[in-house]
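Here is a short briefing to read alongside the structure. Please keep the model open as you go through the points.

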Amino acid sequence: GNRQWDIPKLRILFENILPHDTVFNGYEVEHDFPDIGRKTILLNARQIFRKKIGSHIILLAMEDITERKQAAMALQKSEKKLFKIFNSVPALIGISTLQEHRFIDVNQEFLQTLGYQREEIIGKTSHELCLWEDDSDRAKMIRTMEEQGSIRNLETRFTGKSGQTLTGLFSAELIDLDED
């Protein structure tokens, strides 16, 4: 094909790696191909000995993973942006599990305002951390969330790590992270 497969990395693979190892998996090669542009190809190969004629052949599987790699990079970029937004919002944001109400993540404002380190929060419930000044408020909020799926601007009092009492508006939304 006009020597378009005469790729230095591919030559190294066949001349140096494959003679010593009879198998390789997941070898990525990036190359600019005429007419179709830059592609990322995933290669898997096996040396096969043909007994009848006493020679080796190479079975080579190639998969174009260009779009998959681009999608993974776009997702990673999007996650970084979302993380920056999550941590720059000037409001306390906590993400918790639905059943046990254990914190999965909290933003920087949450940590700074309440005086906790991330390790002290993740995996714990608001009840274990004694965040609510009145535990009946917490129970009421959980019940409302389970019945209505959201709470908007409920004035509540909660307690920081050092025991300081804070008053604020509490809002919450049930979000199914596994939903398509």
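Predicted model: local features only at pLDDT ≥ 70, side-chain atom pairs only at ≥ 80, totals over all residues.

Buried means under 20% relative accessible area, exposed means over 50%, and partly exposed lies in between (1.4 Å probe, protein chains only). Residues are numbered from 1 along each chain as its sequence is written, and side-chain values use heavy atoms, with hydrogens and water left out.

- Helices (H or I, at least four residues) and strands (E, at least two) are DSSP runs numbered from the N terminus, and Asn107 sits in the loop between strand E5 (103–106) and helix H3 (108–114).
- The side chain of Asn107 reaches the backbone oxygen of Phe86 at 3.3 Å; a polar contact is a pair of N or O atoms within 3.5 Å, where within protein one must be able to donate a hydrogen and the other to accept it, and residues adjacent in sequence count only if both atoms are side-chain atoms.
- Contact means heavy atoms within 4.5 Å, and, not counting residues up to four places away in sequence, Asn107 touches Phe86, Asn87, Val89, Ala91, Leu92 and Ile93.
- Ser126 belongs to the loop between helix H4 (118–121) and helix H5 (135–148), and is buried with a relative accessible area of 11%.
- Once neighbours within four places in sequence are set aside, the contacts of Ser126 are His101, Phe103, Leu131, Trp132 and Arg138.

**Nonpolar cores**

- A nonpolar core is a set of buried Ala, Val, Leu, Ile, Met, Phe, Trp, Tyr and Cys residues joined through side-chain atoms within 4.5 Å.
- The largest one has 15 residues, and Phe103, Phe110, Tyr116, Ile121 and Leu131 have the most contacts inside it.
- Elements giving two or more residues to this core are E5, H3, H5 and strand E6 (150–159), and H3 provides the largest share, three residues.
- Phe110 touches Leu92, Ile93, Gly94, Phe103, Ile121 and Leu131, again not counting residues up to four places away in sequence.
- Apart from this core lies another, of 10 residues, including Ile7, Leu13, Leu43 and Ala45.

**The sheet and its helix**

- Two strands pair if DSSP finds at least two bridges between them, and three strands form an open sheet in the order E1-E2-E3 with antiparallel pairing.
- Strand E1 (23–33) and strand E3 (55–64) are the edges; each has a single partner strand, so one side of each is left without a neighbour in the sheet.
- Axes are lines fitted to C-alpha atoms (for helices over the stretch in contact), with angles from 0 to 180 degrees between N-to-C directions; neighbouring strands here are turned by 30° against each other on average, direction ignored.
- Nine bridges join E1 and strand E2 (residues 37–50) in the antiparallel sense, and Glu30 stands opposite Thr40 in E2.
- Helix H2 (residues 66–88) packs on the sheet and touches E1, E2 and E3, with its direction making about 125° with that of E2.

**Positive phi outside glycine**

- Asp35 lies in the loop between E1 and E2; its phi is near 75°, a positive value in a residue other than glycine.
- Asp35 counts as exposed, at 85% relative accessibility.
- Asn153 is in strand E6, with a positive phi near 50° in a residue other than glycine.
- Asn153 is exposed, with a relative accessible area of 52%.
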